[in-house]
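I opened the notebook to look up how this chain is put together. The entries below follow the order in which I checked things.

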Amino acid sequence: MVYLNIVCAVMASLLGFVFLCSLRRQKKARAHQNGNCLKSCENGTCDDAKMVGSADIIVVGAGVVGSALAYTLGKDGRRVHVIERDLSEPDRIVGELLQPGGYLSLVELGLEDCVNEIDAQRVFGYALYKDGKSTKLPYPLENFHPDVAGRSFHHGRFIQRMREKASSLPNVRLEQGTVTSLLEEKGTVKGVQYKSKGSDLELNAHAPLTIVCDGCYSNLRHSLCNPKVDIPSCFVGLVLENCQLPYANHGHVILADPSPILFYPISSTEIRCLVDVPGQKVPSISGGEMSHYLKTKVAPQVPPELYAAFMAAADKGNIKSMPNRSMPAAPRPTPGVLLMGDAVNMRHPLTGGGMTVALSDIVVLRNLLRPLHNLNDAPALCKYLESFYTLRKVHYTGYFVHHLIRQGWKCAKHVSIT
């Protein structure tokens, strides 16, 4: 029973996109019952509303959520000010595998070309390994367009493509700066205080709505939610070269001792390996203990086809680590601000579901905001946007529970997990 939760999580990633497909067919979400307290557009025309500051919406962070959100809202005519701590290309060992449901959300948002020209690889499912035996678990793609599949890539290349797409819109401004605090007046957030790159001067940016999506290290979430972050393990990442996966264009999950090992392509010549190390500390990388651990403890459990490349990568020493975080969404509705992405909700990156959830959340929020022209009534907008946290759960909870019970047990029996 040790690995049942892991198998169930993988199955949720495999099957969840089917449910997302059905939701995608809806042109937009129905207005929430409290929507009548906000001014909305009728027949495509509205009276001009007095806006606070130079932007309609401030977005804190330009990662997966922030950059995709900026483009989506900008394309809908909003004036968007994005403030990102570092606009250089990120170098991360997670956020590299986008499930088919996430790709469908990219299509829905008009961002599907962001996986082009970055050597992204198509992914058609998973392979599970245990005790030298393996089984292939393909995505159920038979009834979908041939382009529908997962995508895996270098995280930084994907982010830069989305940032470029967002900044191509004249009403979207990307600025490199560090947000230090939210500007609050009588319980309502009016914008943010930040320092622009290269300056110690504190600047204020104002907007009717601020969307905080500054990731897992968010320094703003504590004033907006009740975070309970769990760190069950760490991922240790390395890149394998000059080898082929046993099952081409599939993610590989090795149910190893003491915890899983993942392999998936991130380019036409590179395979990412992630080793799950239990606990919050890992053997020293700089001191060589990690390389020794990988070669003596992990390597004997790696599929034979990948063994030589794995040993070479461990010897090469370009090893990175990061804590695996999970955090249930527990936002405190606050007028003038909304939490999104890893700032409000994190799941174990083993399933590769984080980006899919994030992009689907953007679709939900876009559909909620589209009918609204005037965002200045902060209390009413806050009440209206409470439905966001309800609607986002509808996308996953019921469907995942059903399939976790039904498919997870089937899978567990199929690969003889005990």
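**Entry 1: the whole chain**

What does the accessible surface of the protein chain come to, and what percentage of that surface belongs to carbon and sulfur atoms? I am working from a predicted model. I found about 18500 Å² of accessible surface, with 50% of that surface belonging to carbon and sulfur atoms.

I then looked up burial. Of the 418 residues in the protein chain, 54% are buried. I also went through the secondary structure. The chain has 9 helices and 17 strands.

**Entry 2**

I turned to helix packing. Two packed helices are described by the angle between their axes and the distance between the axes.

I started with helix H2, residues 64-75, and its packing on H7. Their axes are 10 Å apart, at an angle of about 30 degrees. Angles under 35 degrees count as roughly parallel, and H2 and H7 are therefore roughly parallel to each other. I noted the crossing of H2 and H7 as right-handed.

Which residues meet here, in H2 and in H7? From H2 I listed Val 64, Val 65, Ala 68, Leu 69, Thr 72 and Leu 73. From H7 I listed Met 355, Ala 358, Leu 359, Ile 362, Leu 365, Arg 366 and Leu 369. By class, I have 11 nonpolar residues, 1 polar and 1 charged in the contact of H2 with H7.

**Entry 3: H3 against H7**

I looked at helix H3, residues 100-109, with helix H7, residues 354-369. Their axes come within 8 Å and cross at roughly 35 degrees. The crossing of H3 and H7 is left-handed.

H3 brings Gly 101, Gly 102, Ser 105, Leu 106, Glu 108 and Leu 109 to the contact. H7 brings Thr 356, Leu 359, Ser 360, Ile 362, Val 363 and Arg 366. I wrote down 5 nonpolar, 5 polar and 2 charged residues for the contact of H3 with H7.

**Entry 4: Ser 387**

Ser 387 sits in helix H8, residues 378-394. Is Ser 387 buried or exposed? Buried means under 20% relative accessible area. Ser 387 has 4% relative accessibility, so I count Ser 387 as buried.

I also looked up its spacing from Leu 365. Ser 387 and Leu 365 are 22 residues apart in sequence. In space, C-alpha to C-alpha, Ser 387 and Leu 365 are 9.4 Å apart. Leu 365 is also one of the H7 residues that I listed against H2.

Note on methods. Residues numbered from 1 in each chain as written. Predicted model: local features only at pLDDT ≥ 70, side-chain atom pairs only at ≥ 80, totals over all residues. Heavy atoms only, no water. Axes fitted to C-alpha atoms, helices over the stretch in contact; angles between N-to-C directions. Helix = DSSP H or I, 4+ residues; strand = E, 2+ residues; numbered from the N terminus. Left-handed = near helix turned anticlockwise from the far one by under 90°. Contact = heavy atoms within 4.5 Å. Nonpolar A, V, L, I, M, F, W, Y, C, P; charged D, E, K, R; others polar. Parallel < 35°, antiparallel > 145°, perpendicular 65-115°, else oblique. Buried < 20%, exposed > 50% of the residue type's maximum accessible area, 1.4 Å probe, protein only. Areas by Shrake-Rupley, 256 points an atom, 1.4 Å probe, with all protein chains shown as cover.
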